[in-house]
Amino acid sequence: MANTILVAEDDTEWQEIICTDIERNCNDVELKVAATREEALAVIAKTSGIKVVVTDLRMPGVGDGEYVAAAAQQKGIKVIVLSGTLDDLSKTVRGNCVALFSKAEYDAKTLAEAINGVISS
C-alpha cells in the first residue's frame, strides 16, 4: 500500500520540483497536490491515510499554509514546512513540524530523508 503525501504548494515550478524529488527519492508513495489553502484543506478532510503534508506557508486563499499545517497536525498527520520564509511560523506549529526548510536552502536528499523517516516510523 502506497504512502500518501500531500504537497501543498502554489508555485507550479516548485510543485513540480518537490513532486519529482519525492517520486525519485522516496519509496512507495502516492502524491496528492494542492495549489491553494482551500484545496489542501479539502484533501486533508476527504483523504484518509495521509502520512505527510509538505506545505508552503504563503499560498493563495484566506489565511496561509500555517492553517494547512495546523489542520494536518489535528488529524495526526506529520508536517514538513518548505517555504520562502519561516519567520512568521507560530511556535505551536513550528514545534510540531517534523522538519522546516527554507526554499533558499532546499535539498532533495534532506527532504527525502525527512519523509522516509516518517514513513518508516
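How many helices and strands does the secondary structure of the protein chain come to? The chain, shown here as a predicted model, comes to five helices and five strands. Read from the N terminus, its elements follow the order β-α-β-α-β-α-β-α-β-α.

**The chain as a whole**

The protein chain has 121 residues, of which 47% count as buried. Among its contacts with a separation of 6 or more, 64% are between residues 24 or more positions apart. The chain exposes about 6,200 Å², and carbon and sulfur atoms supply 46% of that area.

**Helix α1**

Helix α1 covers residues 12–25, a run of 14 residues. From its first C-alpha to its last it reaches 20 Å, close to the 20 Å expected at 1.5 Å a residue. At its N-terminal end the helix is capped by aspartate 11. A side-chain oxygen of this aspartate lies 2.9 Å from the backbone nitrogen of glutamate 13.

The buried residues of α1 are Trp14, Gln15, Ile18, Cys19, Asp21 and Ile22. Seen down the helix axis, these buried residues fall within an arc of 165°, so they line one face of α1. On the other side of the helix, Thr12, Glu13, Glu16, Glu23 and Arg24 are exposed. The cover over the buried residues includes the strands β1 (3–8), β2 (29–34), β3 (50–55) and β4 (78–83), together with helix α5 (108–120).

**An aromatic pair**

A search of the whole structure finds one aromatic pair. Its members are tryptophan 14 and tyrosine 106, in an edge-to-face arrangement with 5.4 Å centre to centre and 90° between the planes. Tryptophan 14 belongs to helix α1, while tyrosine 106 sits in the loop between β5 (99–102) and α5, so the pair ties together parts that are 92 residues apart in sequence. With a relative accessible area of 19%, tyrosine 106 falls under the 20% limit and therefore counts as buried.

Aspartate 28 is placed in the loop between α1 and β2. Its phi is near 55°, a positive value in a residue other than glycine. The relative accessible area of aspartate 28 is 45%, which lies between the limits of 20% and 50%, so this residue is partly exposed.

Terms used
Residues are numbered from 1 along each chain as its sequence is written. This is a predicted model: local features need pLDDT of at least 70, side-chain atom pairs count only at pLDDT 80 or more; totals for chains, interfaces and linings use all residues. Side-chain values use heavy atoms; hydrogens and water are left out. Helices (H or I, at least four residues) and strands (E, at least two) are DSSP runs, numbered from the N terminus. The expected span of a helix is 1.5 Å times one less than its number of residues. Buried means under 20% relative accessible area, exposed over 50%, partly exposed in between (1.4 Å probe, protein chains only). The arc is that of the directions from the helix axis to the C-beta atoms. Contact means heavy atoms within 4.5 Å. A polar contact is a pair of N or O atoms within 3.5 Å; within protein, one must be able to donate a hydrogen and the other to accept it, and residues adjacent in sequence count only if both atoms are side-chain atoms. Rings of Phe, Tyr and Trp (its six-membered ring) pair if their centres lie within 6.5 Å; planes under 30 degrees apart count as stacked, over 60 as edge-to-face and the rest as tilted. Accessible areas come from the Shrake-Rupley method with a 1.4 Å probe; for residues, only the protein chains shown count as cover.
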